[in-house]
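Trainee: Could we go through this structure together? I'd like to know where the labels come from.

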Amino acid sequence: MTEDQRRAIPFVVRAALASVAMALFLLGLKGFAAWHTGSVAMLGSLADTALDLLASLVTLYGVRLAATPADHDHRFGHGKAEALAALFQVMLITASAVGIAWRAIMAFGESNPTHDADFGIGVSIAAIAATVLLLIYQRSIIRRTGSVAIMADNMHYQSDVLLNGSVIVALVLDQYLGWSNADPLFGIVIAAWLAFGAFRASSNAIDQLMDKEWPEEERRRFIEAAAQHPELRGIHDFRTRRSGSHDFAQFHMYVAPEMTIADAHVVMDAVEAKIRKQFPKVEVLIHLDPDGHVDTDNPLIEADVTPHWFGKRI
C-alpha cells in the first residue's frame with residue numbers, strides 16, 4: 001500500500017460515517033412524515049431510507065475492512081471488500097424497488113387519501129437539502145480516493161434526491177390538483193428509478209471483482225509516463241486492475257541485452273519514479289526482459305502490441 005493510499009483511508013471511513021449519520025437523521029424524519037401524511041410515495045421514500053441505513057452500515061464495514069493492511073493470506077490487501085459492500089447495496093436497492101412497486105400497485109383504486117401535503121413537502125425539501133450536502137462531501141472523497149463503495153453509496157443518495165422530489169410532485173398532484181392516482185403512480189416511478197440505479201451501481205463493483213482493465217485513456221497515459229526514459233526500449237504484457245481504492249499495474253520492460261543487472265535495475269527504478277509522479281496511488285510491478293526476448297507462452301503479448309502509441313514496441 002502506498003503512502004497516498006494510507007492517507008486516503010481516514011477520508012473514506014469518515015465519508016461512510018457521514019452516510020450512516022445522514023441515514024439515521026432521514027429515517028426519523030421520514031418515518032414521522034409517512035405516518036402523518038399517509039403517502040405511499042413518502043412510505044416508499046421511508047423504505048428506501050431504511051435500506052440506506054443498512055447499506056451505509058455495510059459500506060462502513062466494507063471500507064474499514066478494505067483499509068486493513070495486506071497480510072499473509074491477502075497479499076494484495078483487502079480492497080475488494082469495497083466491491084462486495086457495493087454489491088450488497090445493489091441487492092438492497094433492488095429489494096426496495098420491488099417492495100415499493102408492489103405497494104404502489106396495490107394502492108391503485110384504494111380510497112386512502114393523503115394528508116397534510118405541506119408537512120410532507122417540507123420534510124422532503126429538508127431531506128433533499130441534507131442529501132445534497134452529503135453528496136457534495138462524498139464527491140470530494142471519491143475524487144481523492146476513487147473508492148468504489150463510496151461511489152455506490154453516492155449513486156444511491158443521488159436517487160434519493162430524485163425520490164424526494166417525486167414525493168413532492170406526488171403530494172401536490174394528489175392534494176392540490178385532485179389526481180388521486182398520482183401518489184401510487186409516482187411510487188412506481190420511484191421503484192423504476194431505484195432499479196435503474198441498482199443496475200448502474202453494480203457495474204463498477206463487478207468490474208473490480210472481475211479485475212477489469214483500466215480505461216484505455218488511462219492505460220495510454222500510464223505507458224506515456226513509463227516510456228519517457230531513454231534506455232527503455234519497449235513495454236509488453238501490460239496489465240492493470242483496481243481493488244477498492246487501490247490501483248495495481250504490472251508490465252515487462254525491454255532493456256539492452258548487454259546491460260548489467262545493476263544498471264537495468266537503476267533504469268527500472270527511474271521508470272517507476274516517473275510513473276509515480278503521475279500515478280501516486282498505483283502499486284507498480286516491473287519485470288525486466290532483454291531486448292529481443294519473446295515470451296511465446298504468453299498470449300497477451302500479441303494483444304498488447306500497439307506500436308503507433310509511442311513509436312516503440314509495447
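Trainee: What kind of model is it, and how are things numbered?

Mentor: This is a predicted model, where local features need pLDDT of at least 70, side-chain atom pairs count only at pLDDT 80 or more, and totals for chains, interfaces and linings use all residues. Residues are numbered from 1 along each chain as its sequence is written, and side-chain values use heavy atoms, leaving out hydrogens and water.

Trainee: How many helices and strands does the protein have?

Mentor: Nine helices and three strands. Both are DSSP runs numbered from the N terminus, with at least four residues (H or I) for a helix and at least two (E) for a strand.

Trainee: What makes strand S2 and S3 a pair?

Mentor: Two strands pair if DSSP finds at least two bridges between them. S2 (residues 246-255) and S3 have nine bridges, in the parallel sense, so they meet that rule. The open sheet has the order S1-S2-S3, with mixed pairing.

Trainee: Why are S1 and S3 called edge strands?

Mentor: Strand S1 (234-243) and strand S3 (282-290) each pair on one side only.

Trainee: How do you know that Arg233 forms a salt bridge with Asp291?

Mentor: A salt bridge needs a side-chain nitrogen of Lys or Arg within 4 Å of a carboxyl oxygen of Asp or Glu. For Arg233 and Asp291, the closest N and O atoms are 3.4 Å apart, so the pair qualifies.

Trainee: Why is Arg233 called partly exposed?

Mentor: Buried means under 20% relative accessible area, exposed over 50%, and partly exposed in between, using a 1.4 Å probe and protein chains only. Arg233 has 40% relative accessibility, so it counts as partly exposed. Asp291 is partly exposed too, at 25%.

Trainee: What about Lys212 and Asp207?

Mentor: Their closest N and O atoms are 3.8 Å apart, and they form a salt bridge. Lys212 is partly exposed at 49%, and Asp207 is partly exposed at 28%.

Trainee: And how far apart are Glu272 and Arg276 in helix H8?

Mentor: Four residues, which means about one helical turn. Glu272 and Arg276 form a salt bridge, with the closest N and O atoms 3.1 Å apart.
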